[in-house]
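Trainee: I am new to this structure. Can we go through it step by step?

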Amino acid sequence: MKKLHLFILKSFIGPLIMTFFIAMFILVMQFLWRYVDDLVGKGLEWTVLGELLFYASLQVVPMALPLAILLAALMTFGNLGENYELTALKAAGVSLLKIMKPISILIIAISGFAYAFSNNVLPVANLKLVSILHGIRETRLEMDIKERVFYRGVDDFSIKVNEKDRETNMLRDVMIYDHRDRHARNSNVTLADSGILQMSADKRHLVLTLYDGIRYDERVTAEGNRRQQRRDSRLFRTDEFRKQVAIMQVHGFDFSRTDESLFRQSDRMKNIAQLTHDLDSIRGERGVFVNLIEDRSSLSYFNRIHQTHANRLNMIDTASVLVNVDSLFLTLEGSQKQMVIQNALRTVRDLKQSIDDQMRFIEREDLRIRRHVMEIHRKFTLSFACLIFFFIGAPLGAIIRKGGLGMPVVISIFFFIVYYVIDTMGAKFARDGVWMVHQGMWLSSFVLLPIGIFLTYKSATDSALLNADVYYSNLRKFRETIEKYLKKRRRE
């Protein structure tokens, strides 16, 4: 390796690592902001949150890596241009393409890593992340009893307190309704002067300690004859206590990971081999529905459901009798004509309903096919995006000659937003079947690739593409030309 190559690589790797982790941090914060309502108040352990952030970080790599390459290339070649190192290298006879050669080889290696990551790591990360998120969403919020409001977060119980001490967690003027007896609603009421409500360590039981209270219980008797039961149909029981400890079993307050097998059939959870294998199965299922529609749309279907009429037609054909259907219909009486029309309409409606049902199945299978094909293309678009962003950032940095995090960040965000918007639009068109899948998935690459080629050519030929003085000079010359033309016309 030449010293020049080593120097260029050292200048690029440092900004690449820095910008990659900055982009990762911003995208993970965006992820947390989107799911903050599902995470707050669940009492999740730090290990669960750490695992969630880890898989979320893996999921945002396809967005962070191209952005980091673009920003690092802009910073590297902007710094080289700003410090006149790029000018010195060109004066020594080293072209821009030769300067870019060692980083280009590194970017090709990174692109290969990006493909391997998308094919092998990303599906597993998506599966783990969805499983954890679903489990978090199914987890109930922690106990948060508000003052003077009935709390119904515990199954079969309604709890109301007039005062709550936030420091000691002591509850004042407690009222509890026990609804475990579905037939006797509001028949079991407990009133207490104070109490403490705590969740067990495993979050499966609720420990309620009440002080200085009374419990009212009303029950319907099931003994005695019918007359006596009507007279003494209810029993009242009152219990006073100084201290009472009750343990209630609760569900849903503890986090449990959702079974991953529920999400394995999603296209985002598969690699290319699995996607290709499942595509064959889906296309086979679609073929069954298509054959069923073709079968029900054919004349043989009508012959099967109207076998009697078919036999009669066969007899007529055997006798070589020419039958005019319209003439045969006109020979019928008015009520018979109406009955024939109604039967025909009913048959056609049934057939139309059956075909519509089958078409809905076919559309569903077509959507699954498009999603699987989109995911196959997505494995390659990430790698290609890394190459495109490098060949946009490197020549653009050499042209603007500005390093640091100022101008490069602005330009990088602009190009990345353009790429993201076009990619999202193309993916939507491909998913909805408006465009072919390959057209929608590669639309952003087709748009940005000519820009990268154009910028590389302009930078290699030392074009003053973004030099404001050149544009001011051309504008001044154009204005002078217009003024001379106008003066000439006045003299004439």
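Trainee: Where is S194 found?
Mentor: Two notes on the model come before that. This is a predicted model, where local features need pLDDT of at least 70, side-chain atom pairs count only at pLDDT 80 or more, and totals for chains, interfaces and linings use all residues. Residues are numbered from 1 along each chain as its sequence is written, and side-chain values use heavy atoms, with hydrogens and water left out. Helices (H or I, at least four residues) and strands (E, at least two) are DSSP runs, numbered from the N terminus. By that rule, S194 is found in strand β3, residues 188-199.

Trainee: Is S194 buried or exposed?
Mentor: Buried means under 20% relative accessible area, exposed over 50%, and partly exposed in between, with a 1.4 Å probe and protein chains only. S194 has 7% relative accessibility, so S194 counts as buried.

Trainee: Which residues does S194 touch?
Mentor: Contact means heavy atoms within 4.5 Å. Residues up to four places away in sequence are not counted. That leaves M170, L171, R172, V174, T209, L210 and Y211.

Trainee: How far apart in space are L275 and I369?
Mentor: L275 is buried, with a relative accessible area of 0%. In sequence, L275 and I369 are 94 residues apart. In space, C-alpha to C-alpha, the distance is 9.5 Å.

Trainee: Which residue forms a salt bridge with R268?
Mentor: A salt bridge is a side-chain nitrogen of Lys or Arg within 4 Å of a carboxyl oxygen of Asp or Glu. For R268, the closest N and O atoms of the pair are 3.1 Å apart. The partner is E375.

Trainee: Why does the pair of R268 and E375 tie together parts that are apart in sequence?
Mentor: R268 lies in the loop between β5 (234-249) and α8, while E375 lies in helix α12 (residues 334-400). R268 is partly exposed at 36% relative accessibility, whereas E375 is buried at 3%. E375 is also among the residues that L275 touches.

Trainee: How many residues apart in helix α12 are E365 and R368?
Mentor: Their side chains meet in a salt bridge, 3.4 Å from N to O. E365 is buried at 0% relative accessibility, and R368 is partly exposed at 31%. Both lie in helix α12, about one turn of the helix apart, and the spacing is three residues.

Trainee: How many salt bridges does a search of the whole structure find?
Mentor: R148 and E147 form one, with the closest N and O atoms 3.8 Å apart. R148 is exposed at 55% relative accessible area, while E147 is partly exposed at 30%. Across the whole structure, the search finds 12.

Trainee: What percentage of the 492 residues in the protein chain is buried?
Mentor: S194 is one of the buried residues, at 7% relative accessibility. L275 is another, at 0%. For the protein chain, the buried share is 36%.
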